[in-house]
Amino acid sequence: MSTAGSRAAWLDADSLPVGVLVADPDGWVTESNQAWSDLTQLDSGASLGSGWLRCLRSGEQRVVLHRVQAVGATGGSRVDDHHITANGGHRWTRWSIRAERDDAQGRVVIAVTDIEPAGYE
């Protein structure tokens with residue numbers, strides 16, 4: 001999993017075929033995988049912090065961030081569909097958001113899958 005100079009020992013997300021973000025409970029992204037970069041055209045450095053929100057339409061940025069923060073605060077999970085901007089167009093994606101606890105540290109894992117039908121934009 002790509003980060004600013006480190007690799008997550010708990011998950012080898014670069015082998016997954018879906019985009020993965022790891023965030024703190026406030027939605028601040030600390031890690032992303034290669035499939036995320038391929039899907040969004042945002043490299044791992046550009047996705048850190050709040051940079052990951054740039055792939056969403058402006059109206060959806062606040063909605064998705066709020067949902068990530070809600071899952072981070074209360075635990076559990078949720079699944080929603082959102083448009084992302086990539087390669088000059090928009091794509092439908094499915095966002096699976098799940099809270100995790102590792103010792104006292106909390107994190108939110110976000111898996112993003114392209115669900116756009118082939119040939120549709």
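Start by selecting Trp36 and showing what surrounds it: leaving out neighbours within four places in sequence, Trp36 is in contact with Gly19, Val20, Leu21, Gln41, Leu42, Ser47, Trp52, Cys55, Trp95 and Val112. Keep in mind as you click around that this is a predicted model.

Next, pick Trp52 from that set. You'll find Trp52 in the loop between α2 (44-47) and α3 (58-74). Is Trp52 buried or exposed? It counts as buried, because its relative accessible area is 0%. Show its partners too: setting aside residues up to four places away in sequence, Trp52 touches Leu21, Gly27, Val29, Trp36, Leu42, Ala46, Ser47, Val64, Leu65, Val68 and Trp95.

Now zoom in on Gly27. Its backbone oxygen sits 3.0 Å from a polar atom of the Trp52 side chain.

Time to select the largest nonpolar core, which has 20 residues. Trp36, Trp52, Leu56, Trp95 and Ile110 have the most contacts inside it. Colour the elements that supply two or more residues to this core: β1 (19-23), α1 (34-40), α3, β3 (77-86), β4 (89-102) and β5 (105-114). In soluble globular proteins, nonpolar side chains tend to be buried together.

Finally, zoom out to the whole chain. Its three helices and five strands run in the order β-β-α-α-α-β-β-β along the sequence. Of the protein's 121 residues, 43% count as buried.

Technical notes: Residues numbered from 1 in each chain as written. Predicted model: local features only at pLDDT ≥ 70, side-chain atom pairs only at ≥ 80, totals over all residues. Heavy atoms only, no water. Helix = DSSP H or I, 4+ residues; strand = E, 2+ residues; numbered from the N terminus. Buried < 20%, exposed > 50% of the residue type's maximum accessible area, 1.4 Å probe, protein only. Contact = heavy atoms within 4.5 Å. Polar contact = N/O pair within 3.5 Å; in protein donor to acceptor, adjacent residues only side chain to side chain. Core = buried A, V, L, I, M, F, W, Y, C linked by side-chain atoms within 4.5 Å.
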